[in-house]
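Here's a quick briefing to read alongside the model. Have the sequence and the 3D view open as you go.

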Amino acid sequence: MPDNKEKYAQLQEAIAKHKGERGAVMPVLQEAMNIFGYVPQDVQEMIADGLGTTLSEVYGVSTFYSQFSLEPKGEHVIGVCLGTACYVKGSQKILDKLCEELKIEPGRTTADGKFSLNATRCLGACGLAPVMMIGEEVYGRLTPDQVPAILDKYRA
Ligand code: FES
């Protein structure tokens, strides 16, 4: 892993490479994601300064596209499938329960850095609907009342 100084140097290179291009914010944000894993505020500022644009433009692009994350990913990444098969079997209720338990919205990370919560497309396990994944682990045929006990395994 490169240290922070190196990461910022890589970011400066990416900015220099794309400076002057139309729509340069997008590829530079992509490179920032590769370098840092997320796009913190100081990185957004650097990109805005470097490309001669405003912070609000950089922020706008980074919040519009779900591939950009403004926070570091949690230790455990939860994906709840909102694909059709899971949706009709009530996956929205699973997602709602997770939001309630973790006290975050989808797309966010808990303050302690333990969990990130995402809504996803079909995970390819429709036979087990409704499905969620925590890391590489698949949980199927879920009901909302199973959610707290599953989370407890990861909280320990
Ligand atoms: S729709 Fe959820 S796994 Fe396919």
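**How two helices cross**

Helix 2 and helix 3 make a right-handed crossing (left-handed would mean the near helix is turned anticlockwise from the far one by less than a right angle, right-handed clockwise). Bear in mind that this is a predicted model, where local features need pLDDT of at least 70, side-chain atom pairs count only at pLDDT 80 or more, and totals for chains, interfaces and linings use all residues. Residue numbers start from 1 along each chain as its sequence is written. Helices (H or I, at least four residues) and strands (E, at least two) are DSSP runs, numbered from the N terminus.

**Helix 2 against helix 3**

- The axes of helix 2 (residues 25-36) and helix 3 (residues 41-51) come within 11 Å and cross at roughly 145°; axes are lines fitted to C-alpha atoms, for helices over the stretch in contact, with angles running from 0 to 180 degrees between N-to-C directions.
- On the helix 2 side, Val25, Val28, Leu29, Ala32 and Phe36 meet Val43, Ile47 and Leu51 of helix 3 (contact puts C-beta atoms, placed from the backbone, within 7 Å).

**The whole chain**

- The protein chain splits into domain 1 (4-64) and domain 2 (76-155), with bounds from an automatic or database domain assignment.
- Taken over C-alpha atoms, the centres of domain 1 and domain 2 are 31 Å apart.
- You'll find 7 helices and 4 strands in the protein chain, in the order α-α-α-α-β-α-α-β-β-β-α.
- The C-alpha trace spans about 50 × 35 × 25 Å along its principal axes.
- Of the 156 residues, 22% are buried (20 or more other C-beta atoms within 10 Å of the residue's own; exposed is 12 or fewer, partly exposed in between, with C-beta atoms placed from the backbone).
- Take the contacts between residues at least 6 apart in sequence: 59% of them join residues at least 24 apart.

**Helix 1**

- Helix 1 (residues 4-18) has 15 residues and runs 21 Å from first C-alpha to last, close to the 21 Å expected at 1.5 Å a residue (1.5 Å times one less than the number of residues).
- Ala14, Ile15 and His18 are the buried residues to look for in helix 1. They fall within an arc of 100° seen down the axis, so they line one face of helix 1; the arc is that of the directions from the helix axis to the C-beta atoms.
- Lys5, Glu6, Gln12, Glu13 and Ala16 sit exposed on the other side of helix 1.
- Helix 2 and helix 3 are among what covers the buried residues of helix 1.
- After helix 1 comes Gly20, with a positive phi near 90°.

**Helix 6**

- Helix 6 (residues 91-102) has 12 residues and reaches 16 Å from its first C-alpha to its last, close to the expected 16 Å.
- Ser91, Ile94, Leu95, Leu98 and Leu102 are buried in helix 6. Their arc around the axis is only 95°, which puts them on the same side of helix 6.
- Those buried residues pack against strand 1 (76-81), helix 5, strand 2 (115-120), strand 3 (132-134) and helix 7 (147-155).
- Gln92, also in helix 6, is partly exposed because 16 other C-beta atoms lie within 10 Å.
- Leaving out residues up to four places away in sequence, Gln92 touches Leu82 and Tyr87.
- Lys103 follows helix 6 and has a positive phi, near 60°.

Definitions and conventions. Contact = placed C-beta atoms within 7 Å.
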